[in-house]
Each structure stands twice: as C-alpha cells, then as structure tokens.
Amino acid sequence: MNHSIISENQKKRVDIPLWKLIFFSMFSFWQMAFIYYFLEPSSAIDGKIPLPINIDNGTLLTAVCYILGILTMIFLPKIIVWTQRIATGVALVSAIGFFLPLPENILRFNIYLQIFCCCLMIGFETFLVVNYFSEKSSIRYLTVGYGIAVFLIALVQNEVVSIPFSTFRYGMVAALVLLFIFFLSMPTGSEHLPQFAKKRDGLIAPKKMMCGAYLTAFIAALMGVGGPAVVGKIEHGVSIMYLVVALSSFTMYFLHKKANIHPFRMVPLFVGLGGFGFLVMLVSAYVPALSYVACILIGFGMTVCMLAPLYGVPIMKSYPSKFIAPSIIGLALSAVLFHAVIAEIFLNTPNALYLVYAVIMVALIFVFMQVEPFLMFALRRRITDEDVTTDEIAANGVEEHGENTTAITTESINVSNALQAETSGDPLDVLSRKEREVAELICLGYTNGDIAKLLFISEHTVKDHTKKIYPKMGVHSRLELATLVSRYRTDK
C-alpha cells in the first residue's frame with residue numbers, strides 16, 4: 001500500500017546531470033586527499049619538512065563533527081544545503097590560506113578548520129543521496145562520481161605519480177570550487193525537502209528490510225575501514241586498491257547501463273572477491289608476490305562498501321524517516337570505533353586479522369542476500385498519482401463512516417489500484433487482490449503483525465493468506481517470494 005507522503009516525496013526527487021554529480025564527488029576527493037596530506041605522520045609541507053605542528057586532537061574533532069552532523073540532520077534538516085554552502089566556502093578560504101607562509105598557530109587553526117568543515121559534511125553527503133537524489137542519480141553518483149574521485153585519490157598517494165603539496169594545493173582549491181558550485185545549484189527551500197513520517201500518518205516501518213539494510217551498512221563501513229588498513233601495509237598497496245575501486249566502479253555503472261544489472265545484484269560477487277583477497281593476503285606471508293593480487297581483490301570488495309548511502313533510498317521509498325541518513329552515518333562512526341578495537345586485539349597477529357576480515361566479508365554476503373530482495377522490491381514498487389487519490393479516499397472513508405468501514409474502503413481501493421497497475425506478466429498476477437496486497441507487503445519486509453495493522457485484518461488472516469500465496473507462487477518462504485518478484489521487476 002502506498003501513501004500520499006511517499007508519492008509526494010518521489011515527485012520531489014531530483015534527477016541530477018552527470019557533470020553536477022562529478023562536481024559533488026569532489027567532496028570524497030577533498031576528504032581523502034586532505035586526510036592523506038595532513039593526518040599521516042609522514043606528510044610534508046612542500047615536500048621539504050614534516051608537518052611542523054601537533055594535530056593529536058584531530059581524531060577527537062572528527063568524532064565531534066560526526067555527532068554534530070548527525071544532530072543537524074535530525075533536528076535541523078531544512079538548513080543542510082545552506083550549511084554545506086557555508087562550510088564549503090569556509091573550507092575554500094582555508095585552502096587558499098595554505099598558499100601563505102602562515103605562523104604555526106594560524107597553520108594549526110587552519111588545519112583544524114579543514115577537519116571541522118570536512119567531517120561535519122560527511123553525513124550530509126548521505127543525506128542528499130537518501131532524501132534528494134533520484135535512484136538514477138544516486139547510482140550514477142556512487143559509481144561514476146566515486147570512480148573519478150577515487151582515481152584522483154589514488155594519484156595523490158604519490159605512488160603513481162609524484163604530486164607534492166605545492167601542487168596538491170591547487171587540486172584542493174579546484175575541488176572545493178566545484179563542490180561549492182554544486183551546492184549553489186541545489187534547492188534550499190523547505191518545499192524541496194521530503195516530508196518525514198509522523199505517528200499520525202499511519203505509516204509503519206518495514207522492520208525486516210530496515211534492520212537488514214542497517215546491518216549491511218554497518219558491516220560494509222567496517223570493511224571500508226579495514227580494507228585500506230590492510231593494503232596500507234603493502235608498498236603501493238593503497239594506490240593499487242584505489243585504482244581497482246575506480247575501475248570496478250566504472251564497470252559497475254557500465255553493466256547497470258548496458259546490461260540492466262542493478263548494482264545491488266553485483267554486491268555478492270564483488271564482496272566475495274574482496275573476502276578472497278583477505279585470504280590471499282594471509283597466504284602472501286609465505287608467497288610475498290601474492291600481496292599485490294590481494295590488494296587488487298580487496299579493491300573489488302571496497303567498491304561495494306562505498307554503496308552504503310544507496311541502502312537508504314529503498315528505505316526512504318517505503319518509510320520516509322528523518323533518521324535514515326543519521327542512522328547510516330552513526331553506524332559508520334560505530335564501525336570505525338569497532339575496527340579500532342579489532343585492530344588492537346589482533347595487533348601482533350596480522351594473519352589472524354586477515355582471517356577475521358575474510359569471515360566478516362562472508363557475513364556481509366550472507367546478510368546482504370537476506371535483505372537484497374526486499375530492497376529491490378522497494379525500489380521497483382509502483383508509486384503513482386492514483387495512490388494519492390486512494391489515500392485521500394481512505395482517509396475520508398474512515399472519517400465519515402467510522403472504523404468499521406475501513407476494511408471495505410481499503411478493499412475497494414485495492415480493486416481500483418489493481419485495475420490501474422501495469423501487471424502484465426507479473427508473477428503476482430496469479431493471486432487474488434487481497435493475497436496480492438499481503439504478498440507485496442511481505443516483499444517489502446513487513447512482519448505479519450504490521451501487515452495486519454496496515455490492511456485492517458487480523459494476524460491470523462494474514463497467515464491464512466500467506467499459506468495460500470506460497471503454493472500459488474511456488475515458493476516456501478518470505479525471502480523466496482521477495483526474490484522471485486524483485487528479480488522479475490528488476491529484469492523487466
């Protein structure tokens with residue numbers, strides 16, 4: 001069942017041109033390149049002397065900015081775009097300052113200012129993908145955009161070509177200029193912000209899909225930290241990994257564009273290659289030449305770890321909550337802290353750590369395969385103008401005739417929706433109207449109890465419908481049902 005809020009939110013989503021998405025991807029380049037030059041102990045100003053100041057508080061400031069960004073997304077979502085404009089402008093002025101012979105105290109302040117602006121906006125990137133971008137734009141950004149950004153990140157590692165800080169400053173300024181232009185092009189009015197669900201709206205969260213998506217995002221973020229940490233121990237390993245990430249990101253988009261393979265469908269393969277890479281890294285302790293093969297394989301795994309913002313899109317399409325983007329970023333921060341604990345535990349036993357990472361990658365595949373059909377169904381569910389009309393009819397029916405007529409009103413609505421839907425060849429066509437309703441809610445990841453509330457029927461009735469649905473569809477579980485329908489709608 002669709003709701004007018006969901007329908008209106010879908011209309012507000014923006015299809016962003018590719019060139020603007022490339023401008024937006026400069027955030028990732030600025031973030032990663034800045035960290036490389038300023039937070040690594042081997043960094044040098046103009047390639048002559050080590051960074052002449054102490055920035056030990058950088059980690060604390062990073063955590064504070066993460067939390068501040070999360071609170072802003074929850075309590076002040078209307079100012080997100082304006083905040084990004086201001087923060088990017090401040091960061092741009094700060095970047096220009098690195099061209100000047102600054103005193104030590106001013107230089108320290110300038111670096112902290114860069115850290116503050118960069119880390120504050122990390123969560124806002126996910127906020128835009130989840131709440132503003134169309135699915136098409138989200139995919140293009142997380143593949144083509146990220147591919148370009150990651151390629152540039154590989155270059156500034158100074159392993160492919162030598163790029164001293166004196167040259168990098170120009171790249172940092174250029175990236176911030178492009179990023180500032182992008183934010184200027186984004187709408188700022190509250191009418192462009194999605195409407196978030198409230199209790200009075202009668203919407204219920206699809207718990208199975210949401211929990212699975214959040215768990216997947218957490219594990220992906222954990223490996224997104226672990227991968228670079230492992231390959232960083234190999235000479236040129238980081239550059240090799242990032243170059244593979246860039247190449248596989250472009251490949252992912254090509255397959256999506258030309259072969260109609262959704263990025264979610266590629267996740268198990270890429271994660272499997274990454275998990276195998278950690279095992280190869282373990283073997284490389286005895287065969288050193290395999291270390292570069294391991295870096296390549298891990299690079300494939302890291303590609304899908306960058307898709308975390310995309311998990312929020314189907315959730316938003318099913319249950320528009322203002323906590324989706326903050327939750328994804330909060331989980332990312334938790335993953336960083338959790339990784340620090342794991343790394344400390346296995347500090348003196350790197351081979352055991354590689355094995356742990358391989359196991360975690362297997363867990364990522366398992367969890368993702370449990371939730372992927374529900375995510376894909378949510379992305380492919382039909383949301384039309386008729387749904388808005390029927391929601392209004394339902395609301396009026398309840399108001400005029402009382403709660404006892406709700407089921408009748410809902411039934412008549414479903415007849416209208418079924419007749420208007422484009423269902424030719426859809427596997428759900430073999431079901432009755434009520435069974436189809438139940439099946440679609442199952443495919444969204446709703447529990448029996450929540451389905452009963454949404455359809456104004458008893459939980460026992462839901463179970464009866466489910467018993468009839470399975471043999472008609474030739475499936476034996478909720479997962480098989482969601483997989484069958486989502487595969488049809490994805491390949492159609």
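**Figure 1. The whole protein and its accessible surface.** Accessible areas are computed by the Shrake-Rupley method with a 1.4 Å probe. On that basis, the protein in this predicted model exposes about 21200 Å², of which carbon and sulfur atoms supply 66%. The secondary structure comes to 21 helices and 2 strands, and 53% of the 492 residues count as buried. Among the contacts between residues at least 6 apart in sequence, 82% join residues that are at least 24 apart.

**Figure 2. Close-up of the contact between helix α7 and helix α13.** Helix α7 spans residues 135-155 and helix α13 spans residues 308-318, and their axes come within 10 Å and cross at roughly 170°. Angles over 145 degrees count as roughly antiparallel, and α7 and α13 are therefore roughly antiparallel to each other. On the α7 side the contact is made by S138, I139 and L142, while α13 contributes P309, L310 and V313.

Figure 3. S318 is found in helix α13, and the side chain of S318 reaches the backbone oxygen of P314 at 3.1 Å. Because buried means under 20% relative accessible area, S318 counts as buried, with a relative accessibility of 2%.

**Figure 4. Close-up of the residues around S318.** When the neighbours within four places in sequence are left aside, S318 is in contact with I6, P206, M209, A378, R381, L444 and Y446.

Technical notes. Residues numbered from 1 in each chain as written. Predicted model: local features only at pLDDT ≥ 70, side-chain atom pairs only at ≥ 80, totals over all residues. Heavy atoms only, no water. Axes fitted to C-alpha atoms, helices over the stretch in contact; angles between N-to-C directions. Helix = DSSP H or I, 4+ residues; strand = E, 2+ residues; numbered from the N terminus. Parallel < 35°, antiparallel > 145°, perpendicular 65-115°, else oblique. Contact = heavy atoms within 4.5 Å. Buried < 20%, exposed > 50% of the residue type's maximum accessible area, 1.4 Å probe, protein only. Polar contact = N/O pair within 3.5 Å; in protein donor to acceptor, adjacent residues only side chain to side chain.
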